[in-house]
Amino acid sequence: MKHGSIIAFIFVIIVIFHSPAVALESTAALESKALQAWMARLSATDAKGQNLYSAVARFYQQVGYHPVWTGPDGLLPDGEMLLQTITQASTAGLDLDNYLLPGRSNAWVDYTQASDPGFPKAIASYLRSDVMLTEKILRYAYHVYQGSVMPEQIYQSWLAPKRPTSRDIPVALAQSVRDDCLGAFIESLHPRSEAYKRLRNALLQYEIIRRSGGWFPIDKGPTLRIGDKGPRVAMLKYRLKLTADGFEDAPIENDRFDENLASAVKHFQHRHGLEEDSLVGKETLAELNVPVEKRIDQLQLSMERWRWYPDSLGDRFLMVNIPAFTLTVVESGSRVDRIPVIVGKKNRQTPIMSDQMTYIEFNPYWNIPQKIARKDILPKIKHDPAYLINQGIRVFDSWDQHAQALDPTGIDWNKLSANYFPYRLRQDPSRHNALGQIKFMFPNAKSIYIHDTPGKSLFSRQQRTFSSGCVRIETPFTLAFELLNDQGWNQDRLKTVTGREKPVSVVLKEPIPVHLVYFTAWVDEDQTVNFRKDIYGHDARLFQALHHPEPAHRL
């Protein structure tokens, strides 16, 4: 939000109050009478209690139908705090445009026209402003507490836990006014997770950079490396200094690419998921030149997503951040381990979801999903008749548990197609099995799970969108040990079980929550701010919903 818009917003408040004070005699009675009449209209308009009209009416009922933000002489102390909160909405990752008095507030004027000729104009004026401010602070409160956009507006279905909606915001706001603790109430609306708090701090840092002019793009040219010198190197040093990638405690003395600059480039590459080679080539240069406004957008979008989730995801849980290609093991709020993973292709995306991991399968069979069998496996069979035998894949006549195994050489595969494939394919346990040696199961409607893979070479890639939706993990034994060490398992036992190549299922003593999430910006415990590409376009859709919503979707 531009500075001029904030000034205009405050000016509107001043103009509203630029009227003679009303005589104190019976003012309170007139205020109460007017507010009761207006709130009755609002309640009637919102008979089902599905929008802010009902919330505003309930708030005034709780405070006894008296103004709480304004008076005959202008803003009251709580009104000043409210105004300050709204004008600083961007520090909470929110769009100030949603809370300005002009524009959509005209509808509120229609509902707060004093029909009784006995209402002095001055009373109607500041009461109207009071009602408008109540609508704005309630809108702000709902947005901070559970998000400006509901996840169901972005995704066809939301398969993850949500922040409880049982908190009665209008009642809590009224109570904070009575108890003189409005500031504490506003702060209590924010998610309590440390991840969210770190994002708030990072947002403040990047807003400072933006207000100071941001950073200028570094000119295109040959790859920069140790030994180079010139104006592009000097630009690079200043750019990295701005985002605390290097040179924080030392002046930039020259335009030479030295060891200190190489270290700073490597730090930048690390937190942007780039190859850490200290070379400023095409990809690293592109990330360096992403405007600060775009980075602020990413921070705000991640904050919005955290508002969808409950304050606690579990005392012990697994989190797969899809754009980061990582699985994190968390215990008691601290990261225990972070393991590289492979996620779904853009046309077979890993879904955002949560569920409970209940068991682990060693040496698993792979019952090949029909979609993969039809589109991926069938063409390989037609190209190479020995493909099934070489891959240890068996053919069954149906998906029934008593299905009969068939001889693949007796099937005319050329008569089958992606639209006609009546068989079930199952790959036997082996080191060549597509699921590898370990499968981590959290049964769900999407048939998504975490598993090993024989294709270890793909983990050398920085962007790892290669699966058909499931999550492939680079070091499955590390995760298995993390989950089973309190059940008497050690590394030797893990190796012994997997070495037998016979299916073994182990039930976890305590189910562990698994969260597949989508954050293109986050802040590590050491305050390192990380950014990643929007691989599935979820950021773009959320940004559109936040800043250009359909009328029916705006609270």
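**Salt bridges, a sheet and the cores**

Asp311 has a relative accessibility of 32%, so Asp311 counts as partly exposed; buried means under 20% relative accessible area, exposed over 50%, and partly exposed in between, with a 1.4 Å probe and protein chains only. Before going on: this is a predicted model, where local features need pLDDT of at least 70, side-chain atom pairs count only at pLDDT 80 or more, and totals for chains, interfaces and linings use all residues. Residues are numbered from 1 along each chain as its sequence is written, and side-chain values use heavy atoms, with hydrogens and water left out.

What does Asp311 form a salt bridge with? The partner is Arg192, and the closest N and O atoms are 3.9 Å apart. A salt bridge here is a side-chain nitrogen of Lys or Arg within 4 Å of a carboxyl oxygen of Asp or Glu. Arg192 sits in the loop between helix 8 and helix 9, and Asp311 in the loop between helix 13 and strand 3, so the pair ties together parts 119 residues apart in sequence. Helices (H or I, at least four residues) and strands (E, at least two) are DSSP runs, numbered from the N terminus. Arg192 is exposed, at 60% relative accessibility.

By this rule the count comes to 24 salt bridges. Another one joins the side chains of Glu287 and Lys533, at 3.3 Å from N to O. Glu287 is in helix 12 and Lys533 in the loop between strand 17 and helix 18, so this pair ties together parts that are 246 residues apart in sequence. Glu287 is buried at 10%, while Lys533 is partly exposed at 35%.

Next, helix 18, residues 538–547. Its buried residues are His538, Asp539, Leu542, Ala545 and Leu546. Seen down the helix axis, they fall within an arc of 130°, so they line one face of helix 18; the arc is that of the directions from the axis to the C-beta atoms. As a general point, an α-helix has 3.6 residues a turn, so residues three or four places apart point the same way. Helix 13 is included in what covers these buried residues.

Four strands form an open, antiparallel sheet in the order 7-10-8-9, where two strands pair if DSSP finds at least two bridges between them. Strands 7 and 9 stand at the edges with a single partner strand each, so one side of each has no neighbour in the sheet. Trp366 has Gln427 in strand 10 as its bridge partner.

Which residues touch the most other members of the largest nonpolar core? They are Met357, Trp413, Phe440 and Ile450, in a core of 90 residues. A nonpolar core is a set of buried Ala, Val, Leu, Ile, Met, Phe, Trp, Tyr and Cys residues joined through side-chain atoms within 4.5 Å. A second, separate core has 45 residues, among them Ala92 and Leu96.

His515, in strand 15, is buried at 4% relative accessible area. The side chain of His515 makes a polar contact with that of Ser354, at 2.7 Å; a polar contact is a pair of N or O atoms within 3.5 Å, and within protein one must be able to donate a hydrogen and the other to accept it, while residues adjacent in sequence count only if both atoms are side-chain atoms.

Key:
Contact = heavy atoms within 4.5 Å.
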